[in-house]
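Open your viewer and get ready to select residues by number. We will go from the whole chain to single side chains.

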Amino acid sequence: MQKIKSMNKSNFTAILKACLIGIIATLIGVVILAVILKFTDLSSNAIGYINDIIKALSIFLMVMFIKKWTDGNLLVKSIIGGLLYAVLSFLIFSILNGGFSFNMSIVYDLLFSLISAMIVAVIFNIIGRKNV
């Protein structure tokens, strides 16, 4: 029987680094969106959808780095990364907003990050198997 590797310190630091890269990508995307909004007039629904696309692309980037820097069970590491990404982005954007606001949008962001990370991990696993 094969032993299951536990989450060691180097894997957690790699996941944390990947989460920080994802958050940096989110911040860059939000700044670019703010510049675009300065010159255009978009509805609040469109802004929400674009914001979700920015988050999904950042989570894609995060899972890509998790796959590159760690070995083993990508799905579990992506779930941990998605949770960590959601918590860190909530903290950072709350600090930038000037205060913490606890409402149902936290649950939505947490679920969105979790589901996006799981979907990207499954896609990477499927692509990885076909290339072998």
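The tour below starts with the overall view and then visits selected helices.

**Before you click.** This is a predicted model, in which local features need pLDDT of at least 70 and side-chain atom pairs count only at pLDDT 80 or more, while totals for chains, interfaces and linings use all residues. Residues are numbered from 1 along each chain as its sequence is written, and side-chain values use heavy atoms, leaving out hydrogens and water.

**Select everything.** Show the cartoon. The protein has four helices and zero strands. Helices (H or I, at least four residues) and strands (E, at least two) are DSSP runs, numbered from the N terminus. The C-alpha trace spans about 60 × 35 × 25 Å along its principal axes. Of the 132 residues, 30% are buried. Buried means under 20% relative accessible area, exposed over 50%, and partly exposed in between (1.4 Å probe, protein chains only).

**Select residues 44–69.** This is helix 2, with 26 residues. Its first and last C-alpha atoms are 37 Å apart, close to the 38 Å expected at 1.5 Å a residue. The expected span is 1.5 Å times one less than the number of residues. Its buried residues include Ile54, Ile59 and Phe65.

**Zoom in on lysine 55.** Stay in helix 2. Is lysine 55 buried or exposed? Lysine 55 counts as buried because its relative accessible area is 11%. Its side chain makes a polar contact of 2.7 Å with the side chain of aspartate 109. A polar contact is a pair of N or O atoms within 3.5 Å; within protein, one must be able to donate a hydrogen and the other to accept it, and residues adjacent in sequence count only if both atoms are side-chain atoms. Now show Tyr85, Asp109 and Phe112. Lysine 55 is in contact with these three, leaving aside neighbours within four places in sequence. Contact means heavy atoms within 4.5 Å.

**Select residues 74–97.** Here is helix 3. Look at its N-terminal end, which asparagine 73 caps. A side-chain oxygen of asparagine 73 lies 3.4 Å from the backbone nitrogen of leucine 75. Among the buried residues of helix 3 are Gly81, Gly82 and Tyr85. Next, click glycine 98. Glycine 98 follows helix 3 and has a positive phi, near 100°.

**Finish at valine 107.** Valine 107 is in helix 4 (residues 104–131). Valine 107 is partly exposed, because its relative accessible area is 38%.
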